[in-house]
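Have the structure open and follow along.

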Amino acid sequence: MAKVFDAAEVAKHNTHESCWVILYGKVYDVTDFLSEHPGGAKIILKLSGKDATEEYDPIHPPGTLENELKPECYLGTVDPSTLAKEEAPAEPQEPAHGPPPVETFLNLDEIEEAASKQVNKKAWAYYYSASDDLFSKRFNNEVYKSILLRPRVFVDCTTCDLDTSILGHRLGIPIYVSPAAMARLGHPAGEAGIAEACRSFGAMQIISNNASMTPEQIVKDASPDQVFGWQIYVQVDRKKSETMLARINKLKNIKFIVLTLDAPVPGKREDDERNSMAGASTAVPSGVKAAERTADDTPDISGGSGGVGQQLFAGTDPSLTWQRTLPWLAKHTDLPIVLKGLQTHEDAYLASLHRPQVKGIILSNHGGRAADTAPPAVHTLLEIRKYCPEVFDRLEVYVDGGIKRGTDIVKALCLGAKAVGIGRGALWGLAAGGVDGVRRTLQILADESKTAMRLLGVKTVDKLGMQHINTRTVEHQIYDGPSGLDSLRDVFRAKL
């Protein structure tokens, strides 16, 4: 029979030498796990001796405890009557108001504004944050405004069809949800809620390696023809990645693997880090302070405060290469590979040389969350068109970053993109209105895309092209150095 603990007894175990936590009413000894935790010991020590359920639940898929902790770490249950209750407010509070009805949202900025009022500071900081000065995050969107449409007249635009195909799979719209992590920080429906909304539109979803739900949960209620990809951050401990790939190979709805390459190390996301610092300002057990000091008892200030983003990258391998990583992937999955995070024409060209294993590329700067001042996908699209347009014939090219309007989507398709991804947009939609909020997000983008296409005189997405846009304002910003493709080709052939 499991032992029942008083919360006060659990609270005594709040040091590096004896660290207990309460999760879902159960008590665990996580002392030996401190050094193994991917996010580092500090995050656990901040919650040592306490009920950590509220912090733990939104960011850990079910089964994480069972996979990471030895059975003997489970000590028993906690007497719920001994847990501290929140004090009632001294004065009556105004009742909390939920977000407006989703049908009243007219654009993605309104959805983000409503969502920002619903989520806690931790969720907002993680979703909103980007690297350094947020230049790339802002420019991702602003660059689309510098591309002009070229509407045509006297064209029958009664009908407009957004159907397309990705890797041979039919989709209802050329819009997909990028691998956005930690959806349950914003709403309990999480990534499964996003999948439900995508099903309504025939949209594709790429499941994040750091999703707050398991892949099995996310695809559980998918329609037979619903299309998913799964994103992988390759781990230093290869066995962890190989175990996940074995699971993914069994899920019929997951049609390809997305290998993310644009963030071998996390960027400096100051909003996320600042929120973490604010959380750390509360009372910290003496054991934590001791653990954070160096051998000569001086404070260790070298590592910064980190944040959710920093924690999620713990354990990610920064040593990936063309020569080693793709052959390793080939041993563990037969699914097509899509490379995410390409930001130059050279890398796009190299990817095209790795057919047939590599089937597609996603031009992305990680939503401005990796290298600030990295180019937007529009620049990379134009670079490819200038230096190696044959890439579009060899691979399917997708883009993400800064998409807020249907006109943005149409312009990306005109530049040669096969499909366009939204990351934050889906998370904000979920936070603002659950599944219906994501549906509203997709509906707005689909409707705006159709309107733009009709005004261009185009009935189907495959007919969109460079003749429908004017990119002269942007072209002067594009890389204008040597292509370097001949040397890349020679090196590749020499290694065959």
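How are H5 and H19 oriented to each other, roughly parallel or roughly antiparallel? Keep in mind that this is a predicted model. H5 covers residues 108-116 and H19 covers residues 424-456, and the two pack at an angle of about 175°. Angles over 145 degrees count as roughly antiparallel, so that's what H5 and H19 are to each other.

**H5 against H19**
- The axes of H5 and H19 sit 10 Å apart.
- On the H5 side, the contact is made by Leu 108, Ile 111, Glu 112, Ala 114, Ala 115 and Ser 116.
- H19 brings Trp 428, Gly 429, Ala 431, Ala 432, Arg 440, Thr 441, Ile 444 and Leu 445 to that contact.
- Sorted by class, the H5 and H19 contact has nine nonpolar, three polar and two charged residues.

**H10 against H14**
- Another helix pair to look at is H10 (residues 238-249) and H14 (residues 322-332), which pack at an angle of about 45° with their axes 10 Å apart.
- Because of that angle, H10 is oblique to H14.
- The crossing of these two helices, H10 and H14, is right-handed.
- From H10, the residues in the contact are Arg 238, Ser 241, Glu 242, Leu 245 and Asn 249, and they meet Trp 328, Leu 329 and His 332 of H14.
- The H10 and H14 contact splits into three nonpolar, three polar and two charged residues.

**Cavities**
- The model has two cavities of 30 Å³ or more, and the largest cavity has a volume of about 40 Å³.
- Lining the largest cavity are Val 177, Ser 178, Pro 179, Ala 180, Glu 191, Ile 194, Gln 205, Ile 206, Ile 207 and Ser 208.
- Helix H8 (190-201) and strand E9 (204-207) are the elements that give two or more residues to this lining.
- E9 gives the most, with three residues.
- By class, the lining of the largest cavity has six nonpolar residues, three polar and one charged.

**Backbone spots to check**
- Arg 355 and Pro 356 are joined by a cis peptide bond, with omega at about 0°.
- You'll find Pro 356 in the loop between helix H15 (345-352) and strand E13 (358-363).
- Tyr 24 has a positive phi, near 55°, in a residue other than glycine.
- Look for Tyr 24 in the loop between strand E2 (20-23) and strand E3 (26-29).

Definitions and conventions:
Residues are numbered from 1 along each chain as its sequence is written. This is a predicted model: local features need pLDDT of at least 70, side-chain atom pairs count only at pLDDT 80 or more; totals for chains, interfaces and linings use all residues. Side-chain values use heavy atoms; hydrogens and water are left out. On a 1 Å grid over the protein atoms alone, a cavity is a set of points where a 1.4 Å probe fits but cannot get out, and a pocket is an open set with protein on both sides within 12 Å along at least five of seven lines; lining residues have an atom within 4 Å of a point. Grid points are joined across faces, edges and corners, and a volume is the space filled by probe spheres set on the points. Helices (H or I, at least four residues) and strands (E, at least two) are DSSP runs, numbered from the N terminus. Ala, Val, Leu, Ile, Met, Phe, Trp, Tyr, Cys and Pro count as nonpolar, Asp, Glu, Lys and Arg as charged, and the others, Gly among them, as polar. Axes are lines fitted to C-alpha atoms, for helices over the stretch in contact, and angles run from 0 to 180 degrees between N-to-C directions. Angles under 35 degrees count as roughly parallel, over 145 as roughly antiparallel, 65 to 115 as roughly perpendicular and the rest as oblique. A crossing is left-handed if the near helix is turned anticlockwise from the far one by less than a right angle, and right-handed if clockwise. Contact means heavy atoms within 4.5 Å.
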